[in-house]
Amino acid sequence: LYGRGGAWTVGLVVAATGSGGWAIGLVVGVRHDLFDRSYVGAIGVQRVAVGGAGPERVAGLDVDLPLVVGGRNLEPSFWIMGSHTPGGNGFPMAWRYGTDFPNDFIDAFLSLYRIDAGFTPTLGFVQRTGIWETTSHIDIMPRPHWLGIRQLDLLFPIPSWDIIADQSGSIFRSRDWQTATFEWRPLGGDFQSGAHFEVNVQRFFDAPADTFAIFPGATVPPGRYWWTRGELQYQTSPSHPLSIGSLFSWGHFYGGRETEFDLQADWRGGGHVILGGTLSRSRATLPSGRFAATLVTGRLEYAFNTRTSFQGFAQYGTENERMDFNLRFHWIPRIGDDFYLVWNSGYTTDPSAPHRFPSLHTLGRPLNGAVIVKAVHRFAL
């Protein structure tokens with residue numbers, strides 16, 4: 001249940017989940033508008049497992065304050081959350097402060113995260129805990145009015161960055177870093193035609209604590225790895241009936257070398273149908289071995305009319321040797337209401353499997369499958 005009344009926006013989700021053991025989840029969110037574009041919000045989450053040790057809880061607060069200072073946009077924001085699990089100690093926290101400066105000539109952003117080691121978001125997810133993280137970019141975007149360029153987008157001489165450090169360390173000391181990414185863009189921007197281009201130089205760092213498999217037959221041992229790569233991108237205008245995007249990347253990679261080529265194409269057929277596809281191919285040579293990875297996707301969107309549409313998505317990857325499908329039918333009975341019917345399924349393409357896609361025998365032996373029905377009804381109070 002969700003809706004809006006005056007300056008207040010509210011949302012409520014109650015979910016029962018389980019297979020052999022049931023749990024009830026509850027999410028309540030409230031937001032109050034401030035000034036013209038700002039707001040303050042709060043969220044509460046609780047999950048109770050039947051027969052469990054007790055409820056899992058998360059509570060949070062967030063504030064967003066878009067401002068205009070001296071005729072320029074400035075947007076500070078802050079959120080903080082805490083979690084509690086049965087048998088856990090204390091109330092582990094997670095928070096982020098960020099400031100955005102989204103303007104025409106300079107678009108800048110800076111943020112700082114802190115996620116405690118014991119933070120558990122209950123019904124949400126977190127990629128990594130026990131960390132400090134900082135992200136930033138300063139894009140310089142002049143409008144030169146020559147060579148058909150509408151606007152440049154330069155990350156130079158200051159790169160964008162994303163740095164993750166140990167919770168007990170500092171983001172200012174590289175010896176405490178877990179991962180880091182830096183990117184310089186000495187040339188990039190948009191043409192008057194709508195085409196986009198980029199020339200990037202990237203610097204990466206990773207410090208895996210354990211050996212991990214990066215591809216079947218190729219592993220990366222623990223260590224501290226630095227490497228540098230170059231990248232070229234070009235995308236034609238998406239307003240054309242046929243638009244094409246490409247990316248070429250090359251350089252070092254975990255003590256070895258890798259090249260990657262991506263190609264994307266979309267065709268819009270007169271307002272009712274959109275066809276799209278991507279091809280990604282990478283070849284790497286590492287101290288532990290060589291591999292070539294391929295990922296192919298296809299997408300179909302068809303609008304029967306303004307209230308009925310169908311979307312189909314298929315993906316094939318050599319890394320996990322599988323074929324996946326997602327089909328979605330969307331119907332709007334009346335303005336404000338929605339009905340969705342979704343089918344997901346995945347099949348193996350492993351040559352050693354007794355039944356593999358596209359054999360008809362695999363249709364009854366999916367690796368995973370789901371049929372989902374969703375209905376939304378909106379009403380006024």
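Ala, Val, Leu, Ile, Met, Phe, Trp, Tyr, Cys and Pro are counted as nonpolar, Asp, Glu, Lys and Arg as charged, and the others, Gly among them, as polar. On this basis, the lining of the largest pocket in the predicted model comprises ten nonpolar, four polar and three charged residues. The volume of this pocket is about 490 Å³. Of the 17 residues that line the largest pocket, Leu1, Tyr2, Gly3, His377 and Phe379 lie nearest its centre. At least two lining residues are supplied by each of strand S1 (2–5), strand S2 (8–18) and strand S25 (368–376).

The second largest pocket contains about 280 Å³ of space. Its lining consists of 19 residues, with Ser282, Ala293, Thr294, Leu295 and Glu319 nearest the centre. Two or more lining residues come from each of strand S15 (212–215), strand S19 (256–269), strand S20 (273–286), strand S21 (289–305), strand S22 (308–317) and strand S23 (322–331). Strand S21 gives the largest share, four residues. By class, the lining of the second largest pocket divides into seven nonpolar, seven polar and five charged residues.

Thr362 is located in the loop between strand S24 (338–348) and strand S25. This residue counts as buried because its relative accessibility is 2%, where buried means under 20%. Not counting residues up to four places away in sequence, Thr362 touches Tyr347, His355, Arg356 and Phe357. The C-alpha atom of Thr362 is separated by 9.6 Å from that of Thr349, a residue 13 residues apart from Thr362 along the chain.

Note on methods: Residues numbered from 1 in each chain as written. Predicted model: local features only at pLDDT ≥ 70, side-chain atom pairs only at ≥ 80, totals over all residues. Heavy atoms only, no water. 1 Å grid on protein atoms, 1.4 Å probe; cavity = no way out; pocket = protein on both sides within 12 Å on 5 of 7 lines; lining within 4 Å. Points joined across faces, edges and corners; volume = space filled by probe spheres on them. Buried < 20%, exposed > 50% of the residue type's maximum accessible area, 1.4 Å probe, protein only. Contact = heavy atoms within 4.5 Å.
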